[in-house]
Amino acid sequence: MKFFVDTAEIDEIKELHALGMVDGVTTNPSLIAKSGRDILEVTKEICDIVSGPVSAEVVALDAEGMLAEGRKLAKIADNIAVKVPLTWAGLQTCKTLSDEGTMVNVTLCFSANQALLAAKAGATFISPFIGRLDDINIDGLELIDDIRTIYDNYGFETQILAASIRSANHMSECAKIGADVCTAPPKVIKAMADHVLTDKGLAGFMADVKKAGITIL
Ligand code: E4P
């Protein structure tokens with residue numbers, strides 16, 4: 001499973017990238033707004049760091065506007081994936097951009113039917129939002145599982161990019177289901193390293209190090 005990092009913060013991307021943890025980056029208008037940076041400028045900077053797909057989202061709501069914005073975003077770098085919302089206009093834009101050879105990430109997916117339409121429209125990635133479904137008491141992981149089944153049934157090549165990841169548990173569950181990619185905030189990727197027994201075991205070892213006066217250097 002590929003790891004994308006869901007942030008527009010350059011320092012966070014650099015830190016995880018240095019560890020080989022970043023196969024790509026996703027941004028959205030809220031993350032760009034949070035960064036306080038110009039969208040074109042910060043997206044270019046991210047593309048200079050990461051060679052994998054970098055999602056940059058359109059902000060127009062009509063197909064013509066989305067297409068014009070998508071084409072402009074695609075010019076930033078070869079690894080741009082234009083992100084469009086899962087609306088009818090978004091699907092129209094997805095089809096045109098995909099036919100032009102641009103990677104497209106169809107976002108704000110909350111149902112298997114939406115995922116099916118995105119695949120038919122030639123999406124490179126479909127982004128089902130797990131956490132936001134969980135928030136309204138619908139099992140987000142079940143949606144990932146359903147999309148995996150549907151895409152496998154028919155050999156769709158659209159990659160399942162599990163999004164709105166809120167916990168380390170979401171990451172391992174997505175890996176078990178067979179999501180192609182998970183995009184997660186840096187803190188969730190770091191939390192994957194945590195285990196209470198690791199902390200406890202290390203505390204025990206350190207107590208013995210102190211008692212026995214063990215030194216290495
Ligand atoms: C994905 O591409 C989105 O940017 C993101 O995962 C949304 O997550 P949120 O529901 O935590 O805002």
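Asparagine 137 is located in the loop that connects helix H7 (130-135) with helix H8 (140-154); helices (H or I, at least four residues) and strands (E, at least two) are DSSP runs, numbered from the N terminus. The structure is a predicted model, in which local features need pLDDT of at least 70 and side-chain atom pairs count only at pLDDT 80 or more, while totals for chains, interfaces and linings use all residues. Residues are numbered from 1 along each chain as its sequence is written, and side-chain values use heavy atoms, with hydrogens and water left out.

The phi angle of asparagine 137 is near 60°, a positive value in a residue other than glycine. Asparagine 137 counts as exposed because its relative accessibility is 76%, where buried means under 20% relative accessible area, exposed over 50%, and partly exposed in between (1.4 Å probe, protein chains only). Leucine 108, a residue of strand S5 (residues 103-109), likewise has a positive phi, near 60°, although it is not glycine. With a relative accessible area of 32%, leucine 108 is partly exposed.

Asparagine 79 occupies the loop between helix H4 (63-74) and strand S4 (80-85). Its relative accessibility is 11%, and asparagine 79 is therefore classed as buried.

The ligand is surrounded by Asp6, Thr26, Asn28, Lys83, Phe129, Arg132, Ala163, Ser164 and Arg166, a residue being near a molecule if one of its heavy atoms lies within 4 Å of it. This shell comprises two nonpolar, three polar and four charged residues; Ala, Val, Leu, Ile, Met, Phe, Trp, Tyr, Cys and Pro count as nonpolar, Asp, Glu, Lys and Arg as charged, and the others, Gly among them, as polar.

For arginine 166, the distance from a polar side-chain atom to a ligand oxygen is 3.1 Å. Taken alone, the ligand exposes 340 Å², of which the protein buries 86%; accessible areas come from the Shrake-Rupley method with a 1.4 Å probe.

Key. Polar contact = N/O pair within 3.5 Å; in protein donor to acceptor, adjacent residues only side chain to side chain.
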